[in-house]
Amino acid sequence: MANPARGGANPWQWFELGNGVRAAIPVAMAVNPITKTNWEGVGVIPNVEVDSEKALSEAYAIALKQLSKTVKNKFKLNEINEKLSELTSNK
């Protein structure tokens, strides 16, 4: 099972404090407009949980499935379906 992204929501900036010392201080805070929360240190929970090694092929399969719903050209649709079959046989 995949872990959520660790999350880095708050932009920060370096500030020189003198004597060769500087500090990274947050200068803003990102807030999700729906949940009214911040994902700093929490990350974003993925819509589809999958091992990181399989994430690219899973995303590709999801995209192809969505694309197949809109393609009118039967040759393109066949190509999409062949690739989907290839991806699902490798799981």
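User: Which residue in β2 does Phe 15 stand opposite?

Analyst: This is a predicted model. Phe 15 stands opposite Ala 23 in β2. The pairing of β1 with β2 is antiparallel and runs over six bridges.

User: What lies between the strands in the hairpin of β1 and β2?

Analyst: There are two residues between the strands of this hairpin, in which Asn 19 takes a positive phi near 55 degrees.

User: How are side chains arranged in a regular strand?

Analyst: In general, the side chains of a regular strand alternate between the two faces of the sheet.

User: Which residues make the nonpolar surface patch?

Analyst: Phe 15, Leu 17, Val 21, Ile 25 and Val 27 make the patch, which covers about 410 Å². Two or more of its residues come from each of β1 (12–18) and β2 (21–26).

User: Is Leu 17 buried or exposed, and why?

Analyst: A residue is called exposed when its relative accessible area is over 50%. Leu 17, which is placed in strand β1, has 55% relative accessibility and therefore counts as exposed.

User: How many aromatic pairs does the structure hold?

Analyst: The structure holds one aromatic pair. Trp 12 and Trp 14 form this pair edge-to-face, with 5.3 Å from centre to centre and 90 degrees between the planes.

User: What sits over the ring of Trp 14?

Analyst: The charged end of Arg 22 sits over that ring, 4.0 Å from its centre. Trp 14 itself counts as partly exposed, because its relative accessibility is 41%.

Methods:
Residues numbered from 1 in each chain as written. Predicted model: local features only at pLDDT ≥ 70, side-chain atom pairs only at ≥ 80, totals over all residues. Heavy atoms only, no water. Patch = residues over 30% accessible without salt bridge, like charges linked within 9 Å, V, L, I, M, F, W, Y side chains within 5 Å. Areas by Shrake-Rupley, 256 points an atom, 1.4 Å probe, with all protein chains shown as cover. Salt bridge = Lys/Arg side-chain N within 4 Å of Asp/Glu carboxyl O. Helix = DSSP H or I, 4+ residues; strand = E, 2+ residues; numbered from the N terminus. Buried < 20%, exposed > 50% of the residue type's maximum accessible area, 1.4 Å probe, protein only. Phe/Tyr/Trp six-rings, centres within 6.5 Å; stacked < 30°, edge-to-face > 60°. Lys NZ or Arg CZ within 6 Å of the ring centre and 35° of its normal. Pairing = 2+ DSSP bridges.
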